[in-house]
Amino acid sequence: MGSSESEGNILMALSFGRLARPVGVGLAVALSATLSLGVATQASAATAETAGISIAQQQQRVRLYELTTRDGGFFYTANEAEKNNAVTKFGWKTTQTPLYYISKAPFAGGKPLYRLRWNLKESYLVTASVAERVKLVASGDFKYEGIMGYAPATPGAGGDVKMYRLSNNNKWRLAIEDHMKSIVANEPGWKLDGPILFEFSRGA
(Lines give C-alpha, C1' and ligand atoms only; values in the text may rest on other atoms or scores of the structure.)
Protein backbone atom coordinates (compact mmCIF):
# COMPACT_ATOMS: atom_id res chain seq x y z
CA MET A 1 0.00 0.00 0.00
CA GLY A 2 1.49 3.40 -1.03
CA SER A 3 1.96 6.26 1.37
CA SER A 4 -0.84 8.33 -0.18
CA GLU A 5 -3.25 5.42 0.07
CA SER A 6 -2.24 4.80 3.68
CA GLU A 7 -2.75 8.43 4.49
CA GLY A 8 -6.18 8.35 2.88
CA ASN A 9 -7.12 5.27 4.88
CA ILE A 10 -5.95 6.89 8.08
CA LEU A 11 -7.98 9.98 7.36
CA MET A 12 -11.00 7.98 6.38
CA ALA A 13 -10.76 5.80 9.46
CA LEU A 14 -13.31 8.42 10.44
CA SER A 15 -10.92 9.95 12.95
CA PHE A 16 -12.12 13.47 12.30
CA GLY A 17 -11.42 14.38 15.93
CA ARG A 18 -13.79 16.12 18.28
CA LEU A 19 -15.78 18.91 16.71
CA ALA A 20 -15.06 21.27 19.59
CA ARG A 21 -11.27 21.02 19.16
CA PRO A 22 -8.95 22.19 16.35
CA VAL A 23 -7.30 19.28 14.55
CA GLY A 24 -4.69 18.99 11.86
CA VAL A 25 -6.16 16.31 9.58
CA GLY A 26 -9.42 14.92 8.35
CA LEU A 27 -12.65 16.74 7.95
CA ALA A 28 -12.64 18.47 11.35
CA VAL A 29 -10.82 21.55 10.14
CA ALA A 30 -9.46 23.75 12.93
CA LEU A 31 -12.76 24.39 14.63
CA SER A 32 -12.97 26.81 17.53
CA ALA A 33 -14.59 25.86 20.83
CA THR A 34 -17.89 27.21 19.58
CA LEU A 35 -17.37 25.87 16.05
CA SER A 36 -16.80 28.22 13.15
CA LEU A 37 -19.76 26.78 11.33
CA GLY A 38 -19.78 29.32 8.53
CA VAL A 39 -21.18 32.80 8.00
CA ALA A 40 -24.64 33.34 6.63
CA THR A 41 -25.97 36.56 5.13
CA GLN A 42 -27.12 39.28 7.49
CA ALA A 43 -30.85 39.56 8.17
CA SER A 44 -32.63 42.87 8.37
CA ALA A 45 -33.19 44.45 11.76
CA ALA A 46 -36.91 44.72 11.11
CA THR A 47 -37.28 40.98 10.53
CA ALA A 48 -35.43 40.05 13.71
CA GLU A 49 -37.26 42.58 15.85
CA THR A 50 -40.63 41.43 14.54
CA ALA A 51 -39.80 37.86 15.52
CA GLY A 52 -38.51 38.95 18.93
CA ILE A 53 -35.01 37.69 18.13
CA SER A 54 -31.83 39.71 18.56
CA ILE A 55 -29.74 40.45 15.49
CA ALA A 56 -26.72 38.88 17.19
CA GLN A 57 -28.62 35.66 17.85
CA GLN A 58 -29.96 35.45 14.32
CA GLN A 59 -26.48 35.93 12.89
CA GLN A 60 -25.36 32.73 14.64
CA ARG A 61 -27.62 30.62 12.42
CA VAL A 62 -25.99 28.35 9.89
CA ARG A 63 -27.30 25.85 7.38
CA LEU A 64 -27.29 22.16 8.17
CA TYR A 65 -25.96 19.93 5.37
CA GLU A 66 -26.44 16.24 4.64
CA LEU A 67 -23.84 14.26 2.68
CA THR A 68 -23.62 10.63 1.66
CA THR A 69 -20.36 8.80 2.33
CA ARG A 70 -18.58 6.21 0.19
CA ASP A 71 -20.09 3.48 2.37
CA GLY A 72 -23.59 4.80 1.78
CA GLY A 73 -23.87 6.29 5.25
CA PHE A 74 -25.05 9.80 6.04
CA PHE A 75 -22.91 12.62 7.41
CA TYR A 76 -24.16 15.91 8.87
CA THR A 77 -22.36 19.18 9.37
CA ALA A 78 -23.15 22.85 9.75
CA ASN A 79 -19.58 23.80 8.93
CA GLU A 80 -19.07 24.98 5.37
CA ALA A 81 -15.35 24.17 5.33
CA GLU A 82 -15.93 20.69 6.69
CA LYS A 83 -18.59 20.08 4.06
CA ASN A 84 -16.29 21.26 1.27
CA ASN A 85 -13.43 19.06 2.50
CA ALA A 86 -15.73 16.06 2.59
CA VAL A 87 -16.64 16.66 -1.05
CA THR A 88 -13.23 17.55 -2.48
CA LYS A 89 -10.96 15.25 -0.48
CA PHE A 90 -13.11 12.20 0.06
CA GLY A 91 -15.66 12.28 -2.72
CA TRP A 92 -18.67 12.45 -0.45
CA LYS A 93 -21.75 13.99 -2.03
CA THR A 94 -24.16 16.62 -0.76
CA THR A 95 -27.80 15.63 -1.00
CA GLN A 96 -30.95 17.55 -1.82
CA THR A 97 -32.52 16.60 1.50
CA PRO A 98 -34.52 19.59 2.75
CA LEU A 99 -32.79 20.73 5.93
CA TYR A 100 -32.72 24.22 7.39
CA TYR A 101 -30.77 26.11 10.05
CA ILE A 102 -29.31 25.56 13.49
CA SER A 103 -27.16 27.84 15.65
CA LYS A 104 -23.40 27.71 15.98
CA ALA A 105 -23.60 29.12 19.52
CA PRO A 106 -25.72 28.35 22.60
CA PHE A 107 -28.92 30.34 23.03
CA ALA A 108 -31.88 30.45 25.41
CA GLY A 109 -34.12 27.43 24.77
CA GLY A 110 -31.54 25.69 22.60
CA LYS A 111 -29.94 22.28 23.12
CA PRO A 112 -26.74 20.76 21.71
CA LEU A 113 -26.76 18.32 18.82
CA TYR A 114 -24.08 15.67 19.33
CA ARG A 115 -22.43 13.88 16.41
CA LEU A 116 -21.07 10.36 16.69
CA ARG A 117 -19.52 8.09 14.10
CA TRP A 118 -19.95 4.37 13.88
CA ASN A 119 -16.56 2.66 14.15
CA LEU A 120 -17.03 0.06 11.44
CA LYS A 121 -18.00 2.20 8.44
CA GLU A 122 -18.46 5.78 7.27
CA SER A 123 -21.78 6.18 9.04
CA TYR A 124 -22.85 8.90 11.48
CA LEU A 125 -25.52 9.39 14.09
CA VAL A 126 -26.84 12.67 15.51
CA THR A 127 -28.53 12.84 18.90
CA ALA A 128 -29.72 15.47 21.35
CA SER A 129 -29.72 12.98 24.21
CA VAL A 130 -26.75 12.95 26.59
CA ALA A 131 -27.87 9.55 27.90
CA GLU A 132 -27.93 8.06 24.41
CA ARG A 133 -24.56 9.58 23.58
CA VAL A 134 -22.97 8.13 26.71
CA LYS A 135 -24.54 4.71 26.15
CA LEU A 136 -23.42 4.49 22.52
CA VAL A 137 -19.85 5.54 23.31
CA ALA A 138 -19.73 3.09 26.22
CA SER A 139 -20.76 0.28 23.87
CA GLY A 140 -17.46 0.69 22.04
CA ASP A 141 -19.27 0.90 18.70
CA PHE A 142 -19.25 4.68 18.40
CA LYS A 143 -16.85 7.57 18.78
CA TYR A 144 -18.13 10.90 20.04
CA GLU A 145 -17.02 13.76 17.79
CA GLY A 146 -18.49 16.72 19.64
CA ILE A 147 -21.23 19.31 19.42
CA MET A 148 -22.40 19.91 15.86
CA GLY A 149 -24.46 22.96 16.78
CA TYR A 150 -27.45 24.04 18.83
CA ALA A 151 -31.12 23.57 17.94
CA PRO A 152 -34.34 24.92 19.41
CA ALA A 153 -35.93 22.48 21.85
CA THR A 154 -39.42 23.96 21.36
CA PRO A 155 -41.31 26.30 19.04
CA GLY A 156 -41.08 28.86 21.84
CA ALA A 157 -37.30 28.90 21.38
CA GLY A 158 -37.75 29.82 17.71
CA GLY A 159 -38.03 26.34 16.24
CA ASP A 160 -40.55 26.22 13.42
CA VAL A 161 -39.39 23.09 11.57
CA LYS A 162 -39.55 19.80 13.46
CA MET A 163 -36.67 17.38 12.86
CA TYR A 164 -36.69 13.58 13.09
CA ARG A 165 -34.13 10.79 13.05
CA LEU A 166 -34.50 7.55 11.16
CA SER A 167 -32.40 4.39 11.13
CA ASN A 168 -31.80 1.47 8.78
CA ASN A 169 -29.17 -1.23 9.35
CA ASN A 170 -26.49 0.95 10.96
CA LYS A 171 -27.33 4.01 8.92
CA TRP A 172 -28.94 7.08 10.42
CA ARG A 173 -30.43 10.14 8.82
CA LEU A 174 -32.23 13.36 9.73
CA ALA A 175 -35.39 14.60 8.05
CA ILE A 176 -38.12 17.19 8.43
CA GLU A 177 -41.66 15.84 8.90
CA ASP A 178 -42.84 15.62 5.29
CA HIS A 179 -39.59 14.03 4.16
CA MET A 180 -39.62 11.65 7.11
CA LYS A 181 -43.09 10.42 6.15
CA SER A 182 -41.97 9.96 2.55
CA ILE A 183 -38.91 7.95 3.58
CA VAL A 184 -40.92 5.66 5.86
CA ALA A 185 -43.60 5.12 3.20
CA ASN A 186 -41.38 4.71 0.14
CA GLU A 187 -37.91 3.56 1.19
CA PRO A 188 -37.95 0.00 2.60
CA GLY A 189 -35.99 -0.67 5.77
CA TRP A 190 -36.10 2.82 7.24
CA LYS A 191 -37.68 3.15 10.68
CA LEU A 192 -38.52 6.23 12.68
CA ASP A 193 -36.39 6.65 15.80
CA GLY A 194 -38.35 9.71 16.90
CA PRO A 195 -38.22 13.51 16.95
CA ILE A 196 -34.93 15.29 17.55
CA LEU A 197 -35.47 18.96 18.40
CA PHE A 198 -36.37 21.65 15.84
CA GLU A 199 -34.69 23.76 13.17
CA PHE A 200 -35.03 27.42 12.19
CA SER A 201 -36.68 27.91 8.82
CA ARG A 202 -34.68 31.13 8.29
CA GLY A 203 -31.00 31.86 8.49
CA ALA A 204 -29.22 35.09 9.29
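In strand 8 (142–152), Y150 is the bridge partner of P112. The model is predicted, with local features requiring pLDDT of at least 70 and side-chain atom pairs counted only at pLDDT 80 or more, while totals for chains, interfaces and linings use all residues. Residues are numbered from 1 along each chain as its sequence is written, and side-chain values use heavy atoms, with hydrogens and water left out. Helices (H or I, at least four residues) and strands (E, at least two) are DSSP runs, numbered from the N terminus.

Strand 6 (residues 110–118) pairs with strand 8 in the antiparallel sense, over 9 bridges. Two strands are taken to pair if DSSP finds at least two bridges between them. Strand 6 also runs antiparallel to strand 7 (residues 124–127), joined to it by 4 bridges. R115 stands opposite V126 of strand 7. Strands 6 and 7 form a hairpin, with 5 residues between them. Strands of a sheet pair through backbone hydrogen bonds, either parallel or antiparallel.

An open sheet of 3 strands has the order 10-9-11, with antiparallel pairing. Strand 10 and strand 11 are the edge strands, and each pairs on one side only. Neighbouring strands of this sheet are turned by 30° against each other on average, direction ignored. Axes are lines fitted to C-alpha atoms, for helices over the stretch in contact, and angles run from 0 to 180 degrees between N-to-C directions. Strand 9 pairs with strand 11 over 6 bridges. Here L166 has L192 of strand 11 as its bridge partner. Strand 9 pairs with strand 10 over 5 bridges, and Y164 stands opposite A175 of strand 10. Helix 6 lies across strand 9, strand 10 and strand 11, running at about 130° to strand 10.

Strand 10 is largely enclosed by the rest of the structure, because 5 of its 5 residues are buried. Buried means under 20% relative accessible area, exposed over 50%, and partly exposed in between (1.4 Å probe, protein chains only). Both faces of strand 10 are covered. W172, L174 and I176 are buried on one side, and R173 and A175 on the other.

Two residues stand out by backbone angle. Most residues other than glycine have a negative phi. N169, not a glycine, has a positive phi of about 55°. N169 lies in the turn of the hairpin formed by strand 9 and strand 10, which has 4 residues between the strands. N169 is exposed, at 67% relative accessible area. L197, also not a glycine, has a positive phi of about 65°. L197 belongs to strand 11. L197 is buried, with a relative accessible area of 14%.

The largest nonpolar core holds 21 residues, of which L64, Y76, I102, L113, V126 and L174 touch the most other members. Elements that give two or more residues to this core include strand 3 (74–77), strand 8 and helix 6 (177–186). Strand 9 gives the most, with 3 residues. A nonpolar core is a set of buried Ala, Val, Leu, Ile, Met, Phe, Trp, Tyr and Cys residues joined through side-chain atoms within 4.5 Å. Beyond its neighbours within four places in sequence, Y76 is in contact with L64, Y65, E66, L99, R115, V126, M148, W172, R173 and L174. Contact means heavy atoms within 4.5 Å. A second, separate core has 8 residues, among them Y114, L116, L125 and L136.
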